[in-house]
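Colleague: I would like a close look at one part of this model, the contacts made by the side chains. Please start with the aromatic rings and go on from there.

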Amino acid sequence: MTDVVLINLGRGNLQQGFPLVTLQIRTEQRAQDVQFTGSLPPDSKLLNLYHRWQLLYNFLYKVRSIGLCQAPDESSVDDNDGIYIEDADVTNVSETEFTQVCIELQRQIDNWLDSEGFRSLERQLRMRLDPRQSNQIILQTEDDYVRKLPWYIWQLFQDYIRTEITLSPLSFASPIGQHKSSGKIRVLAILGDATGIDVEADRRYLESLENVDICFLDEPKRSEFDRYLWYNDGWDVLFFAGHSITQDSDQIGRIFLNASESLTIKQLQNALRKAIERGLHLAIFNSCEGLGLAAQLADLNIPEIIVMREPVPDQVAQIFLKNFLAIFSTGQSLYLSVREAREQLQGIEGDYPGASWLPVMFQNPAVEPLVWRSPSVNLVVAPSEKNNDVVEAPVNHSRANLDIPKRDKNKTSSKIRIWLNLILILKSGLLVTTLVMGVRWLGFLQPLELWTFDTFMRLRPAEAIDERLLIITID
């Protein structure tokens, strides 16, 4: 059983506050759906703490000479960038300061969410959510800085260990024409520009999966990528490994396909819409600064998206992908798989500070999260663009077997189960009644009934002689 919580922050922002916050709790049976309203005040301190955390995060990786998976046009910037390290003491100080900022940021998020206008909403959450069951919280907002905040450090998630938070835009709709797939999971894997990173590790993790048909495109041209998105039988998962950025000026995400080509989601929107219509359910961008990509994809109503919110070290991206795929492919729910894989990154934060704060998931509230199931593996190698003008079905493989239940389907199945149980009870009652009446009519029960009656009569307490009665005997 899973309850879904929608927290809609409206059109506000951290500088001006959120005057109308709506909390909606959807139960699985949709019989006890409730909605409450509140507000959140502006918080410039929280915004400043985030900027400070981000600055120290990038500074620490410069100090450690650990490359972040930055886009090729950013990698040419001088590594010093005006920052000079005299000795190891500066590194130690920065690590201590970074840890302190993490603590302050967590404390400030808790304080902000404990404000008078939001306190009643959190109380409703704690009253109505069962911490022992899986719950999903979807945060709807258009504020870029709110999306960048690590919401999972909110104290609520320490108490509700089977609850995960995902992001969503204010407006959403069910994908038009999307169908449920069957058979093996079909993955379109784009291995983009690999300058300075090891995308082959991502390939190995994907190839180790069971029940998948994978089509790899290595540093494809834009036309080739677009052409494969139009594939008639569709894809279930779109995966990208490589370089990406979010342009701060307009919050537009850009991926780098090869050494000479990059593109935005808008430049693929027609092909992506068709891919979503044909069953594309999950997009994973294992690359840097993916919030811009996620925001654009969410506008196309794709069901789920997983990205990294900040620049990410190559090793962190690989470890997250490996852990996520290992957990998700066992049948664990998508959002709990993301949470567990993200939390496992805490173990490497001695080498990669802030790693467990990087992964973030977007969820379309109109669609149920998918579930992985079924065995057996097949790999599909993408045909060369030079020899194929039209994308053909990769070697007669079946489509993916994803369990993507719809809310209406769940509701109908529940009603059917109730009726089946009622019919079973009526049949059982009729059978037992008929059996008892038949045996009694044949007289098989009479000896047992007489013996039982006699036994109960003997068990009665002895009665005294009534003085009003005169007994006369003749002998």
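How many aromatic pairs does the structure hold?

Modeller: The structure holds 16 aromatic pairs. This is a predicted model, in which local features need pLDDT of at least 70 and side-chain atom pairs count only at pLDDT 80 or more, while totals for chains, interfaces and linings use all residues. Residues are numbered from 1 along each chain as its sequence is written, and side-chain values use heavy atoms, with hydrogens and water left out.

A pair of aromatic rings is described by the distance of the centres and the angle of the planes. Here, rings of Phe, Tyr and Trp (its six-membered ring) pair if their centres lie within 6.5 Å; planes under 30 degrees apart count as stacked, over 60 as edge-to-face and the rest as tilted. One of the pairs is W112 with W151, a tilted arrangement with 6.1 Å centre to centre and 55° between the planes. This pair links distant parts of the chain, 39 residues apart: W112 belongs to helix α3, and W151 lies in the loop between α5 (144-148) and α6 (155-159). Helices (H or I, at least four residues) and strands (E, at least two) are DSSP runs, numbered from the N terminus. W112 is buried at 3% relative accessibility, and W151 is buried at 5%. Buried means under 20% relative accessible area, exposed over 50%, and partly exposed in between (1.4 Å probe, protein chains only).

W151 also pairs with W154, this time edge-to-face, at 6.5 Å centre to centre and with 75° between the planes. W151 and W154 are both buried. Elsewhere, ring pairs join Y50, W53, Y57, Y61, F98, Y145 and W357 into a cluster.

Rings also meet charged groups. A charge sits over a ring if NZ of Lys or CZ of Arg is within 6 Å of the ring centre and within 35 degrees of the ring normal. R342 places its charged end over the ring of Y152, 3.6 Å from the centre of that ring. R203 does likewise with F216, at 4.8 Å from the ring centre.

Next, the charged pairs. Side chains of opposite charge can pair when their charged atoms come close. A salt bridge is a side-chain nitrogen of Lys or Arg within 4 Å of a carboxyl oxygen of Asp or Glu, and a search of the whole structure finds 16 of them. In the bridge between E97 and R52, the closest N and O atoms are 3.4 Å apart. That pair also links distant parts of the chain, with E97 in helix α3 (residues 88-113) and R52 in helix α1 (residues 44-63), 45 residues apart. E97 is partly exposed at 31% relative accessible area, and R52 counts as partly exposed at 34%. A network of salt bridges links R52, E97 and E104.

Two other bridges lie within single helices. R126 and E122 meet at 3.2 Å, N to O; they are 4 residues apart in helix α4 (residues 116-128) and are therefore separated by about one helical turn. Here R126 is partly exposed at 30%, whereas E122 is buried at 12%. E343 and R339 meet at 2.8 Å, N to O. These two are 4 residues apart in helix α12 (residues 334-344), so about one helical turn separates them.

Two backbone details concern loops. E289 has a positive phi of about 45° although it is not a glycine, and its place is in the loop between β12 (282-286) and α10 (291-298). N301, likewise not a glycine, has a positive phi of about 65°. N301 is found in the loop between α10 and β13 (304-308) and counts as buried at 18% relative accessibility.

Last, the surface. W419, L422 and L426 make a nonpolar patch of about 360 Å². Patches are made of residues with over 30% relative accessible area and no salt bridge: like charges are joined within 9 Å, nonpolar side chains (Val, Leu, Ile, Met, Phe, Trp, Tyr) within 5 Å. Accessible areas come from the Shrake-Rupley method with a 1.4 Å probe, and for residues only the protein chains shown count as cover. L426 belongs to helix α13 (residues 407-441) and is exposed, with a relative accessible area of 57%.
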